[in-house]
Amino acid sequence: MMSERAKNLIIIIACALATFGLAFVQWHRVLPTGTQTIAVAGIFALALMFAVGVWSSLLVVILLAVITSLLKITTWMFWLPILLDWFVLAGLNGWQMTNRVHLQHQQAISFGMITGTSQLAGTLVLLTIQVVWMTGNFNDVPRIIEAAGPGALLEGLLYSALIPPLVLLLRFFTEDVPPQNPNDSSVEKISRIIDLSEHKKKDEDK
């Protein structure tokens with residue numbers, strides 16, 4: 001039987017190669033201040049967080065950012081929203097991940113929606129900074145944001161739709177859930193995955 005370390009290494013390499021391949025898949029829209037890039041290169045690297053841990057995921061993001069930037073496939077501006085997504089997801093999960101609990105479908109969908117929202121917001125914020133940097137004023141920001149909005153929204157929706165199935169697929173190969181014992185609460189204690197549905201239930205009970 002394949003060891004856990006070897007299995008994780010194969011998954012990391014596969015996700016890194018998939019991320020590198022998706023870096024070539026870009027759609028471009030011309031804006032008054034430049035070109036807007038729409039891509040989903042970060043989906044495998046971000047989903048990797050839920051399979052082998054947050055720091056392995058960050059390593060893949062940074063490594064691929066350096067390689068593709070040096071090869072002039074992408075730029076650092078391309079990867080900054082993805083890094084923002086990573087910080088949001090890692091922060092929500094307490095900066096660590098465990099495969100000792102089952103990740104439910106609703107949780108995966110919630111994390112996908114959070115990632116898509118973060119990608120949308122990050123893209124628009126970086127675009128605003130870029131516009132102000134180039135023009136020196138805020139007068140052109142509303143016009144540029146209006147022009148870039150549809151592309152940024154499409155990118156956010158793609159992340160929201162693609163992250164959940166990828167996360168569930170990777171978890172299928174990496175989850176190692178121990179047999180549940182009703183008298184043992186240790187499984188719950190080691191879980192760092194936030195169950196957003198539980199927070200909602202608590203708010204409703206109040």
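## Serine 69

In this predicted model, serine 69 has a relative accessibility of 17% and therefore counts as buried, the cut-off being under 20%. Serine 69 belongs to helix 4, which covers residues 54-70. Apart from neighbours within four places in sequence, the contacts of serine 69 are Thr74, Thr75, Trp76 and Trp79.

## Helix 4

Helix 4 has 17 residues, and at 1.5 Å a residue these should span 24 Å. The C-alpha atoms at its ends are 24 Å apart, in agreement with that expectation.

Serine 69 is one of the buried residues of helix 4; the others are Val54, Ser57, Leu58, Val60, Val61, Leu64, Ala65 and Thr68. Around the axis they cover an arc of only 160°, so they lie on the same side of helix 4. An α-helix has 3.6 residues a turn, so residues three or four places apart point the same way.

Trp55, Leu59 and Leu70 are exposed and sit on the face of helix 4 turned away from the buried side. Just after helix 4, lysine 72 has a positive phi of about 60°.

## Aromatic pairs

With ring centres required to lie within 6.5 Å, the model has nine aromatic pairs. One of them joins phenylalanine 50 and phenylalanine 111, with centres 5.0 Å apart and planes at 50°. Phenylalanine 50 is in helix 3 (residues 49-52) and phenylalanine 111 is in helix 6 (residues 105-135), so the pair ties together parts 61 residues apart in sequence. Phenylalanine 50 and phenylalanine 111 are both buried.

Phenylalanine 172 and phenylalanine 173 form an edge-to-face pair, at 5.3 Å centre to centre and with 85° between the planes. Phenylalanine 172 has 66% relative accessibility and so counts as exposed, the cut-off being over 50%. Phenylalanine 173, with a relative accessible area of 45%, is partly exposed.

## An aromatic cluster

Trp55, Trp86, Phe87 and Trp95 are linked into a cluster by ring pairs. Of these residues, Trp55 is also among the exposed residues on the face of helix 4 turned away from its buried side.

Note on methods
Residues numbered from 1 in each chain as written. Predicted model: local features only at pLDDT ≥ 70, side-chain atom pairs only at ≥ 80, totals over all residues. Heavy atoms only, no water. Phe/Tyr/Trp six-rings, centres within 6.5 Å; stacked < 30°, edge-to-face > 60°. Helix = DSSP H or I, 4+ residues; strand = E, 2+ residues; numbered from the N terminus. Buried < 20%, exposed > 50% of the residue type's maximum accessible area, 1.4 Å probe, protein only. Contact = heavy atoms within 4.5 Å. Expected span 1.5 Å × (residues − 1). Arc of directions from axis to C-beta.
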